[in-house]
Amino acid sequence: MQHTTLGTTDIRIPRLCLGGMSFGKVFPDFHQWVADQPTTQSIIARALELGVNFIDTANVYAHGTSEQFIGQSLRNLGVSREDVILASKVYFNEGHLSAAAITREIEGTLTRLGTDYLDLYIIHRFDYSTPPEETMAALDALVRVGKVRALGASAMYGYQLHNLQALADANGWTRFCAMQNHYNALYREDERELIPVARQYSMALTPYSPLASGHLTRPTWDSDSVRSTTDGTMHSKYDRARELDMPIIERVSQVAQARGVPMADVALAWHWAKGVEAPIVGCSRPERVDDAVRALDLHLTDAEVALIDEPYTAHDVVGALPPPGTGEAIGSTVQRV
């Protein structure tokens with residue numbers, strides 16, 4: 001397994017991260033395609049066998065049962081705590097990123113995971129309702145008492161990330177070391193500002209949705225999978241840009257055919273060609289871990305990356321929350337990564 005460093009920290013991570021949004025109990029108001037606990041355990045076991053010991057989840061994934069399933073699986077497998085890198089997130093909860101909410105939610109996350117610390121704690125979105133000083137001080141306090149080793153951020157605007165990092169510097173608080181943003185060959189809006197700001201602060205990129213919810217794994221837009229037929233989040237994130245995205249999908253298919261590999265391999269290899277540290281992959285069964293790891297052996301040429309990139313045109317922002325009163329962002333609800 002190839003490894004790299006999580007931003008400016010001394011935490012070593014594999015070049016792939018296993019996504020926990022694929023794990024948990026099925027609820028009427030959440031994803032219908034999540035894996036149950038035994039399947040979750042088999043997926044995690046295979047990931048660990050292949051060296052993928054970086055696992056990302058969130059307090060709201062499957063109403064907390066994602067964290068529960070991950071914690072139970074690690075205990076059942078007898079995994080030593082220091083042999084796994086655990087990340088979780090906070091925001092889509094009562095109080096968002098208030099000090100009280102952060103203090104409350106970290107305890108729930110640690111309990112569900114069955115650990116006394118996280119390697120990486122990520123703010124799931126930018127909080128317009130809480131003074132940033134309150135949020136950053138509360139997060140720094142978690143680092144100082146040892147409940148969190150490092151801090152990360154997720155989908156937001158570039159100026160918001162810059163302001164939060166500058167605030168941390170001004171007060172001697174812990175900076176964010178990683179950015180978990182929405183990024184793939186179909187959605188590249190963060191190349192404009194967010195990624196350059198992240199790189200300015202030497203942050204690692206651990207993007208979610210690297211396969212665009214499956215759209216980069218097949219030459220057709222729709223499929224008959226449970227996720228494709230039931231995942232309203234996926235449809236809200238991508239369907240409105242279908243006409244813009246199909247030419248890119250055709251280019252990925254073209255490269256895959258020329259290389260004799262699955263489209264998913266090309267879609268993941270595109271991330272590493274762009275300098276991404278560890279894309280987050282969701283796996284529905286153990287064999288999907290093998291598929292993702294296999295993609296590490298594919299190295300795209302500059303010409304192949306340019307071929308894939310060339311049809312891209314501007315998209316609506318998907319993921320970052322807009323300022324209050326300006327309308328709901330696409331992909332901004334609890335279900336939306």
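The second largest pocket of this predicted model has a volume of about 220 Å³, where a pocket is, on a 1 Å grid over the protein atoms alone, an open set of points where a 1.4 Å probe fits, with protein on both sides within 12 Å along at least five of seven lines, and a volume is the space filled by probe spheres set on the points. Its lining has 18 residues, among which Met156, Tyr157, Glu189, Asp190 and Val317 lie nearest the centre of the pocket; lining residues have an atom within 4 Å of a point.

| Class in the pocket lining | Number |
|---|---|
| Nonpolar | 10 residues |
| Polar | 4 residues |

In helix 11 (residues 286–294), a DSSP run of H or I with at least four residues, Pro286, Val289, Ala292 and Val293 are buried, that is, under 20% relative accessible area with a 1.4 Å probe and protein chains only. Seen down the helix axis, these buried residues fall within an arc of 110°, so they line one face of helix 11.

Residues are numbered from 1 along each chain as its sequence is written. Local features need pLDDT of at least 70 and side-chain atom pairs pLDDT 80 or more, while totals for chains, interfaces and linings use all residues, and side-chain values use heavy atoms, without hydrogens and water.

Methods
Nonpolar A, V, L, I, M, F, W, Y, C, P; charged D, E, K, R; others polar. Buried < 20%, exposed > 50% of the residue type's maximum accessible area, 1.4 Å probe, protein only. Helix = DSSP H or I, 4+ residues; strand = E, 2+ residues; numbered from the N terminus. Arc of directions from axis to C-beta.
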